[in-house]
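Here is a short briefing for a reader new to this structure. Please look at the sequence and the model first, then read on.

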Amino acid sequence: MRKLLFQSFFQRPLTEQAPALDQTAVEELAAAIRRATRRRLGRSLSIREIDAGSCNGCELEIHALNNAYYDVERFGIRFVASPRHADVLLVTGPVTKNMRDALERTYHATPDPKWVIALGDCARDGGCFAGSYAVVGGVSQIVPVDLHIPGCPPPPVAILQGLLSLLDRTAKSAT
């Protein structure tokens, strides 16, 4: 143990470099989301995140949206604690048997117009958890899904692009 401790003083940590993202690309994407949100809703976009039984990989990427690098609050996207204040339900993970009722109640508590996003591969069809005795299946088996964002887990930029495509699609269908 002592040997490992002393080696740690002289070796560099084994970490990966942060992904190189173009800050202007993130700014342009976020500005497009802000314009689409104002055009469609007239205010900021409120998201209620629901973990229906995931491994927390998608939640880590969602939390990255709120860190100092992405800071989605400055673009008019905010996460809310109550479904009664939400425009979007962002559901992660396969729906487990003990979360089925909670997901249905959350969906019915969200006011119209509401949209449901299934985030990640597990939310689509159960992913690697499909077939488990504890899993009902994907989100679309419980509530209607408006958009699926693929990935295991999807990166924050993909989540932002998915939100923009949802807003654009609903704006086009409203006209």
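Which charged end sits over the ring of Tyr107? That of Lys114, 4.0 Å from the ring's centre. Keep in mind that this is a predicted model. The points below start with the whole protein and then turn to single residues.

**Overall build**
- The protein has six helices and seven strands.
- Along the sequence, these elements follow the order α-α-β-α-β-β-β-α-β-α-β-β-α.
- The protein has 175 residues, and 43% of them count as buried.
- Take the contacts with a separation of 6 or more: residues 24 or more positions apart account for 79% of them.

**Surface**
- Phe6, Phe9 and Phe10 make up a nonpolar patch on the surface. Together, the three have about 420 Å² of accessible area.
- Phe6 belongs to helix H1, which covers residues 2-10.
- Phe6 counts as partly exposed because its relative accessibility is 44%, and that class lies between the cut-offs of 20% and 50%.

**Aromatic rings**
- How many aromatic pairs does a search of the whole structure find? The count is zero.
- The ring of Tyr107 does have a charge over it, from Lys114.

**Cis peptide bonds**
- Asp112 and Pro113 are joined by a cis peptide bond, with omega at about -5°.
- Pro113 is placed in the loop that runs between helix H4 (100-109) and strand E5 (115-119).
- The bond from Cys152 to Pro153 is also cis. Here omega is near -15°.
- Where is Pro153? Its loop lies between strand E7 (147-149) and helix H6 (156-174).

**A positive phi**
- Asn56 is not a glycine, yet its phi is positive, at about 80°.
- This residue, Asn56, sits in a loop between strand E1 (45-51) and helix H3 (57-65).

How values were computed. Residues numbered from 1 in each chain as written. Predicted model: local features only at pLDDT ≥ 70, side-chain atom pairs only at ≥ 80, totals over all residues. Heavy atoms only, no water. Patch = residues over 30% accessible without salt bridge, like charges linked within 9 Å, V, L, I, M, F, W, Y side chains within 5 Å. Areas by Shrake-Rupley, 256 points an atom, 1.4 Å probe, with all protein chains shown as cover. Salt bridge = Lys/Arg side-chain N within 4 Å of Asp/Glu carboxyl O. Helix = DSSP H or I, 4+ residues; strand = E, 2+ residues; numbered from the N terminus. Buried < 20%, exposed > 50% of the residue type's maximum accessible area, 1.4 Å probe, protein only. Contact = heavy atoms within 4.5 Å. Phe/Tyr/Trp six-rings, centres within 6.5 Å; stacked < 30°, edge-to-face > 60°. Lys NZ or Arg CZ within 6 Å of the ring centre and 35° of its normal.
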